[in-house]
Amino acid sequence: MATTPSNKMRPKPPLPPNLPSLVATAFSRSVATKTVNFYPTSVTLLTINSIPFQLRYSPSLASKPKPPSVTTPKLFFNPFASPTPEMLITPFGTSPPSHNLVLNKFAVVPEHFILSTSAFKPQTHLLEADDLAAAYACIDAYARHNKELFVFFNSGDHSGASQPHRHLQLLPVENMKEGLEGEWDVLAKGLTDPNTREKLPFEVFARDIDGLGGDGEELRRVYLELYNQACEAVLGVAEDIKHEGEAQISYNLAMTNNTMAVVPRLTEGGVVKDKDGQEVGNLALNGTVLAGTALVRSEMEWNALREDPDQVYQVLGRIGVPNRAKM
Ligand code: AMP
């Protein structure tokens with residue numbers, strides 16, 4: 001019988017047993033020793049063009065390192081090159097381990113963690129099948145405990161990325177819901193529905209990945225399809241879209257157990273003004289936008305956006321390619 005790509009035997013990264021409790025234990029330990037900065041965040045629910053959107057105010061973001069200067073790369077500390085035992089949750093992947101699971105030092109919700117490549121690989125290069133398989137294996141490991149993970153990836157100057165060593169970020173969805181009053185769910189889960197996409201002011205491309213069994217090659221095929229669409233939205237009809245090496249655009253990727261989504265990015269965000277029209281900050285968005293989440297660093301931005309949620313919609317309209325469904 002002929003073997004199709006989906007039923008070929010491919011090595012899959014072994015699932016870390018009990019991953020949710022492994023992450024929870026490492027997180028509590030590191031918060032107690034102050035290795036991880038986590039301050040409870042304020043959170044509120046906004047309605048952005050009928051989409052429930054959560055706004056978070058996280059003071060810990062204010063102490064995050066700035067992106068490396070291209071002129072001084074040697075001076076830049078790479079937290080994923082050789083994670084300390086306090087930050088390392090577990091090495092991961094087929095032998096020798098291809099990836100590490102590490103805690104995020106600036107957690108936006110409890111148990112925010114990171115999947116980084118063991119050896120240095122550029123964040124701006126296209127993801128490989130084993131990156132996607134490893135991320136999906138984490139989603140699967142949580143699903144076995146009836147828990148959900150939201151995975152995101154920021155790549156390129158306009159994507160909200162800050163670290164050049166390749167990494168995807170993982171957020172336990174139940175922790176994203178904590179403290180919220182009202183109905184909210186991960187936006188990416190609904191993005192295969194054109195009616196949901198139509199409500200957004202930016203173009204986003206999404207596919208159902210349920211049923212791919214977490215197969216890395218299959219996930220990469222879908223990823224490249226979405227990436228092609230994103231490139232075409234930014235570059236026009238592009239005949240020369242490369243599927244290896246450096247990505248040709250900035251973008252964010254999101255993955256849940258059933259959906260993969262890619263949003264091409266043109267800017268990182270936009271200004272925030274108070275009710276007197278004075279600039280009080282800048283709303284910068286990364287891949288968490290595909291969860292239906294925006295994070296602010298200052299109390300002034302937090303107050304201004306709660307008073308005038310339409311500013312969030314305006315910024316969303318600037319971060320990517322204007323949505324053709326709305327034109
Ligand atoms: P990005 O901004 O998408 O490149 O993601 C980099 C992530 O690394 C951010 O979410 C940071 O909070 C996180 N981070 C920065 N420094 C460290 C560190 N020393 N250890 C662990 N995570 C870090």
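Visitor: In which strand is the place of Asn252?

Guide: Asn252 has its place in strand S9, which spans residues 250-255; helices (H or I, at least four residues) and strands (E, at least two) are DSSP runs, numbered from the N terminus. Before going on, please note that this is a predicted model, in which local features need pLDDT of at least 70 and side-chain atom pairs count only at pLDDT 80 or more, while totals for chains, interfaces and linings use all residues. Residues are numbered from 1 along each chain as its sequence is written, and side-chain values use heavy atoms, with hydrogens and water left out.

Visitor: Why does Asn252 count as buried?

Guide: Buried means under 20% relative accessible area, exposed means over 50%, and partly exposed is in between, using a 1.4 Å probe and protein chains only. The relative accessibility of Asn252 is 0%, so Asn252 counts as buried.

Visitor: What makes the link between the side chains of Asn252 and Arg265 a polar contact?

Guide: A polar contact is a pair of N or O atoms within 3.5 Å; within protein, one must be able to donate a hydrogen and the other to accept it, and residues adjacent in sequence count only if both atoms are side-chain atoms. The side chains of Asn252 and Arg265 are joined at 2.7 Å, and this is a polar contact. In the wider sense of contact, which is heavy atoms within 4.5 Å, and leaving aside neighbours within four places in sequence, Asn252 also touches residues including Phe153, Asn154, Asn286 and Leu290.

Visitor: Why is the pair of Phe27 and Phe38 called edge-to-face?

Guide: Rings of Phe, Tyr and Trp (its six-membered ring) pair if their centres lie within 6.5 Å, and planes under 30 degrees apart count as stacked, over 60 as edge-to-face and the rest as tilted. By this rule there are seven aromatic pairs. In the pair of Phe27 and Phe38 the ring centres are 5.7 Å apart and the planes stand at 65°, so the label is edge-to-face. Phe27 belongs to helix H1 (residues 19-32) and Phe38 to the loop between H1 and strand S1 (42-48), so the pair ties together parts that are eleven residues apart in sequence. Phe27 and Phe38 are both buried.

Visitor: What makes Asn146 exposed?

Guide: Asn146 has a relative accessible area of 77%, so Asn146 is exposed. Asn146 lies in the loop between helix H2 (129-143) and strand S6 (149-155), and its phi is near 55°, a positive value in a residue other than glycine. Most residues other than glycine have a negative phi. Ser50, in the loop between S1 and S2, also has a positive phi, near 70°.

Visitor: How many residues surround the ligand, and which are the closest?

Guide: A residue is near a molecule or strand if one of its heavy atoms lies within 4 Å of it. There are 17 residues around the ligand, and the closest are Asn104, Asn154, Ser162, Gln163 and His167. An oxygen atom of the ligand lies 2.8 Å from a backbone N or O atom of Gln163, and an oxygen atom of the ligand is 3.0 Å from an N or O atom in the side chain of Gln169.

Visitor: What share of the chain is buried?

Guide: Of the 327 residues in the chain, 50% are buried, and the chain has seven helices and 13 strands.
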